[in-house]
Every structure is written in C-alpha cells, then in structure tokens.
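The entries follow in the order of looking.

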Amino acid sequence: MTVIVPEPVLQVNNNPNSETVYEEQHDLNLDGGFIVPDSNAFGHSFRDYEKESKRKAVVEEFYRNNHINQTYEFAKKKKEEYGKLQKAKMSIWECCELLNEFVDESDPDLDEPQIEHLLQTAEAIRRDYPDQDWLHLTALIHDLGKVMLHPSFGEEPQWCVVGDTFPLGCAFNESIVHHQYFKENPDSQNPNFSTKLGIYSENCGLANVTMSWGHDEYMYLVAKGNNTTLPPAALFVIRFHSFYAMHRSGAYSCLMNDEDKEMLKWLHVFNKYDLYSKSKVRVNQEEVKPYYLSLIKKYFPAELRW
Ligand SMILES: [Fe+2]
Ligand SMILES: [Fe+2]
C-alpha cells in the first residue's frame, strides 16, 4: 500500500538536557553518548499515536484489526505452524535483503526500507557499546521475523506480524496502545482470560506466557531452533522488544520472574536505539556489511531453517 509522507524534517538535537519523548525510569545508563533526536522521519515526536497526520489513520486501523483478531487460540496456532521452521532456508543476510521490500504500517515513525532501520539501530549501539558484539547482531536481526509479510511465507497481514505485542490468556492491560479495540476481541468475553493473571500463576516467567503473534516471537523461534549461540539476553530482547506495555509502561510485572527482570535492563538499552535510530541518518551498507557477516558467522549457522 502507498502511504503519503510529508517531506522529512531532520532535527537532530544536540542538547542532552532537552526533553525526550519518554522518561526513562531505571538506573542503568542508557545514554552511552547516543544523541536522541527530537523527531522522527516525519518531523513528529516518536511513538506519538495521536498526532494528526495521514499516517495516523493507517496506524489506528492497523491496531483495530490487530486487537480484534489476536486471540489466545490464534496465537497458539501460529506459533505451532511457524515453529516447525519449514517455510524457507536462507542465511541471515539473505533475510535482511528480503525484508527490504516492506514498510511497517504499525510504526508511526518509520517510512524507509527495513534494512536501513536494522543497520541504523545496530550501528548506533555499536558506537556506544563497542564490546557487546552480541547486541550489535541482536539489533541487526531483531525485526527479521517481519519476513512473514513476504508472499513466500504466506503473505501474512500486517496485523499479525508487526505492532506492539501483549500477553493473551489474561486481561488486556489498559496501557496497551488503542486499548479500546479489545472490546471486540472474543477473548474479552472469556471469564478465564479476564482476570489480571488469567490462566497464569504469579511470577511464572514471560517464557511461559503466550504473547500475541508477531515478528518478535517468530524470530525468537528461528534463532532458538537454529541453535544460535547468542546469550539469553539477546533472545529476550528479540522476543519481547515489541512488548511496550511491559518494558515501557511497567505493566504485567506479576508475570515476570527474577531472570526476566534482570534481562529487562538490556531490553531498555536496546529499545532506546530501536526507537531513536529511526531518523534520517544514513548507513553505508557496503562498508559495514563485512563486520555484520563476521558476527553472523560467530553466532549462527551459514544457512537457517525459517
Ligand atoms: Fe520490531
Ligand atoms: Fe525495530
């Protein structure tokens, strides 16, 4: 689909004291020298779902479909289907190139090829955390699950691939963006799913929670199923980076265990770059490619099952 986009306004803000869109509420040093720009590629604040723009209607319609159709049963089925890893065989880099054909409808900040976003995120983290090579690679691959949009993967609709994710089988927390549309989700009528814990027990661990289906969980399954040697924190970041209600709003902490809380620190680091690198800072792909190919070789087999 074509999205009409106003001319991008680049406003890189060099003043570290000026206001950022979100207040970070944890003690880890997130900045690492990274300069947070004031605006996204459209000249608006990041993740501003209310800002009047042509993009807004597209994003809202996306979330309406997402919230109505993401049920516990649906997510379970998708996980089973994609978990078989029988859709394709390709390398990580081939997948990056495949993704280049798409624009993410759910994202109010981004309107450029995905590979550009992946490399911007990875390069920004690399600059500030040079020793954490696993986090550079995590950034490069975190969105590769979006290949589900591709015709060769069944051409899934955007609402079951992208956008914020949330737990199923328990009440929908009010901090989830466009919460009002959950009224039409059949799970809202299921009494077993309508309490705070729902079908889960307190502090059961996020690994035991069925999340709404999307590219996070798929890429996690791909990484795990292909025996990656990336550390657990990398897998946590990949699996929950779209779970904004948890890592941004602090909701659903009753489902988290101590290990989740520990790894959440890395997700906070990562998310800052995932959001704010979506500005018009160009990366020279050919120049950085050898570095990322060496990381892929370190942590993954040459060919993966998808
Ligand atoms: Fe993502
Ligand atoms: Fe991303």
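At what angle do helix α4 and helix α5 pack, and how far apart are their axes? I worked on a predicted model, in which local features need pLDDT of at least 70, side-chain atom pairs count only at pLDDT 80 or more, and totals for chains, interfaces and linings use all residues. Residues are numbered from 1 along each chain as its sequence is written, and chains are lettered from A and ligands numbered from 1 in the order in which they are written.

Entry one, α4 and α5. I read an angle of about 165° between α4 (residues 114-128) and α5 (residues 133-141), with the axes 7 Å apart. Helices are DSSP runs of H or I, at least four residues, numbered from the N terminus. Axes are lines fitted to C-alpha atoms over the stretch in contact, and angles run from 0 to 180 degrees between N-to-C directions. I therefore noted α4 and α5 as roughly antiparallel (the term for angles over 145 degrees). On the α4 side I listed L118, T121, A122, I125 and R126, which meet L135, H136, A139 and L140 in α5; contact means C-beta atoms, placed from the backbone, within 7 Å. The residues of this contact divide into six nonpolar, two polar and one charged. Nonpolar covers Ala, Val, Leu, Ile, Met, Phe, Trp, Tyr, Cys and Pro, charged covers Asp, Glu, Lys and Arg, and the others, Gly among them, are polar.

Entry two, α5 and α10. I found these helices packed at about 100°, with axes 10 Å apart. α5 and α10 are therefore roughly perpendicular (65 to 115 degrees). D133, W134, H136, L137 and L140 of α5 make the contact with Y292, L295, I296 and Y299 of α10. I counted seven nonpolar, one polar and one charged by class.

I looked up α7 (residues 232-240) and α9 (residues 258-276), whose axes come within 9 Å and cross at roughly 60°. P232, A233, F236, V237 and F240 in α7 meet M263, W266, L267 and F270 in α9. This contact has nine nonpolar, no polar and no charged residues.

Note on methods
Angles under 35 degrees count as roughly parallel, over 145 as roughly antiparallel, 65 to 115 as roughly perpendicular and the rest as oblique. Two residues are in contact if their C-beta atoms, placed from the backbone, lie within 7 Å.
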